[in-house]
Amino acid sequence: MYRGTFLSIADKWLGNSSYSHGLLVVPISLWLVWTRRAHIAAVPWRTEWLGVPLLLALGAAWFVARATGVLVIEQYAAMAMIPALVFAVLGRQVAGAIAFPLLFLMFSVPVGSGFMPSLMRNTADFAVAALQLTGIPVVRDGMLLSIPGGDFEVARACSGLNYLLTGVTLGALYAYLTYTSIRKRLLFIAAAVVVPI
């Protein structure tokens, strides 16, 4: 039933370089689960009935998003069903033991194209400021920059979306693997968002 949704995610990974990091998210999540296998085996596996309404809610969100053509909600709902299914079938303790690898799967959803215009404006603003600092005269018309040496356009590829998405994904992974404090992890992830912008 969700095959089309997961294929649409994979199509974005393969067809758009801004989302190519998604190809690595699933194997990394599986590796992180593998590293926690001893802990998973040590905790009791109990069915969690609260997972059933959660799965139903995600299924309803997926259905509404599919019917209305809101692809990003459809993809997030389908991907969120994986941790919800683990929670429902294996229980709260197992899901808690592998919470980060399960939530890390959300980074595989191709999202962020709506930020591209503002990221392109940031790139153009930065380029103009840098040129002015060096004393090179520049005239800006939207995304077109004119200097004495020629005209340049800030294209979609210059938005930095690929850098931002990959940076945040790797930042979250690094924070998880490096820090034990939730506060430090959250601060590092926040830095991984702010610094690329």
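Mentor: Let's start with glutamate 48, which sits in the loop between helix 3 (37-42) and helix 4 (51-68); helices (H or I, at least four residues) and strands (E, at least two) are DSSP runs, numbered from the N terminus. Keep in mind that this is a predicted model, where local features need pLDDT of at least 70, side-chain atom pairs count only at pLDDT 80 or more, and totals for chains, interfaces and linings use all residues. Residues are numbered from 1 along each chain as its sequence is written, and side-chain values use heavy atoms, with hydrogens and water left out.

Trainee: Why is glutamate 48 called buried?

Mentor: Buried means under 20% relative accessible area, exposed over 50%, partly exposed in between (1.4 Å probe, protein chains only). Glutamate 48 has 15%, so it counts as buried.

Trainee: And what is glutamate 48 in contact with, leaving aside neighbours within four places in sequence?

Mentor: Phe87, Ala88, Gly91 and Arg92. Contact means heavy atoms within 4.5 Å.

Trainee: What makes glutamate 48 and arginine 92 a salt bridge?

Mentor: The term asks for a side-chain nitrogen of Lys or Arg within 4 Å of a carboxyl oxygen of Asp or Glu. Here the N to O distance is 3.2 Å, and the two side chains meet in a salt bridge. The pair links distant parts of the chain, with arginine 92 in helix 6 (residues 92-97), 44 residues from glutamate 48. Arginine 92 is at 49% relative accessibility, so it counts as partly exposed.

Trainee: How many salt bridges does the structure hold?

Mentor: Three. In another one, arginine 66 pairs with glutamate 74, their closest N and O atoms 2.6 Å apart. Glutamate 74 is at 4%, so call it buried, while arginine 66 at 42% is partly exposed. Then there's aspartate 125 with arginine 140, at 2.2 Å. That pair joins helix 8 (residues 116-133) to strand 1 (residues 139-141).

Trainee: How do you know that the buried residues of helix 2 are on the same side?

Mentor: They are Gly22, Val25, Ser29 and Leu32. Their arc around the axis is only 65°, so they share a side of helix 2; the arc is that of the directions from the helix axis to the C-beta atoms. Leu24, Leu30 and Trp34 are exposed on the other side.
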